[in-house]
Amino acid sequence: MAARLWRSVLGGELAFAVALAAILAAALSLPAGAALATALALSIFVPGALVAASFVLAACAAPGRGASLGYAARALLTEAVEFNLAVLAMAFRRDPLPPAVDLPAAPVGSPVRPLLLIHGIVCNRGIWRHWLARLQTAGFGPVRAVNLEPLFADIEIHAARIARELSALRREADGAPVAIIAHSMGGLVARAALRLVGPQSISRIVTIASPHHGTQMARGFPWSPMQQMRPDSPWLRALNAAQEGQLAAPLTSIYSLEDNLVVPPRSARLDGAQAHELRGFGHLGLLSSRRAIEHTLAALADA
């Protein structure tokens, strides 16, 4: 479903470029090829403008949140690039048949290190393209990356799906507990799943840019998971009341002070969890951050 959504977005950009090309050709008497090339070049800036708008809205929603101009500029530039690359990866990635195992199981005699990757809202498993080679080199396996569907389902529905994935992955890994890496809303899905499966099923959770205390950017959206990610969400208050300071499994939180979607950024901190605060990365940009990957691998080495 996410792939269809992002293919539709790309289709809309292409349609915009074609319409713009027609206008340019008529208004400036440009050859059709030159007009189309110019329109395509201009259309590339549309996603960048949307990313820039998200940074402006984030700054307005949480003034004085600690972002410096230099770090903010770096985050904006890298986020604009990463957003475009992520859309392409999510739109055109070809998933193998279920079960969607990206990496082979560990060789015979090697430690079994099962790992589950959970993406955020309106994304799919294509966002993990930066991670798979590093995870294989680090010796993880089997590794499963899920697609959370329906896209706008209640977080508890996603958590039930993850609970089933954890059970299947544990059977595949001879009963070993599973480590989880989760981005954005995926971190809340992982924590909700922890309540269902218990600590014996999960060795550690690493969350990247997850709004553990909600985000102001979720306000105004009607979909259930966005309502659950509001700072005043009753669902989120109940989850934190049950887990904050008394997590049943170790949790590491990685976040950036320049996050354009988790507002305020330190909403990603959770009492009782290890935290790594980075600078100069946007919400998706954290997924391509070498430091974020290294912090994650270091945390999982202790799992």
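This is a predicted model: local features need pLDDT of at least 70, side-chain atom pairs count only at pLDDT 80 or more; totals for chains, interfaces and linings use all residues.
Residues are numbered from 1 along each chain as its sequence is written, and side-chain values use heavy atoms, with hydrogens and water left out. Local features need pLDDT of at least 70 and side-chain atom pairs count only at pLDDT 80 or more, while totals for chains, interfaces and linings use all residues.

**Whole protein**

Start with everything selected and coloured by secondary structure. The protein has 10 helices and 7 strands; these are DSSP runs numbered from the N terminus, with at least four residues (H or I) for a helix and at least two (E) for a strand.

Switch to a surface view. The accessible surface is about 13,200 Å², and 64% of it belongs to carbon and sulfur atoms; such areas come from the Shrake-Rupley method with a 1.4 Å probe. Of the 303 residues, 50% count as buried. Buried means under 20% relative accessible area, exposed means over 50%, and partly exposed lies in between (1.4 Å probe, protein chains only).

**Salt bridges**

Side chains of opposite charge can pair when their charged atoms come close. The whole structure holds 10 salt bridges, each a side-chain nitrogen of Lys or Arg within 4 Å of a carboxyl oxygen of Asp or Glu.

*Stop 1.* Select E172 and R144. Their closest N and O atoms are 2.8 Å apart, and the two form a salt bridge. E172 lies in helix α6 (residues 155-172) and R144 in strand β3 (residues 143-145), so this pair ties together parts that are 28 residues apart in sequence.

*Stop 2.* R161 is partly exposed at 23% relative accessibility, and E165 is buried at 14%.

*Stop 3.* Select R195 and E156. Here the salt bridge has an N to O distance of 2.5 Å. R195 belongs to helix α7 (residues 185-197) and E156 to helix α6, so the pair ties together parts 39 residues apart in sequence. R195 is partly exposed, with 40% relative accessibility; E156 is also partly exposed, with 26%.
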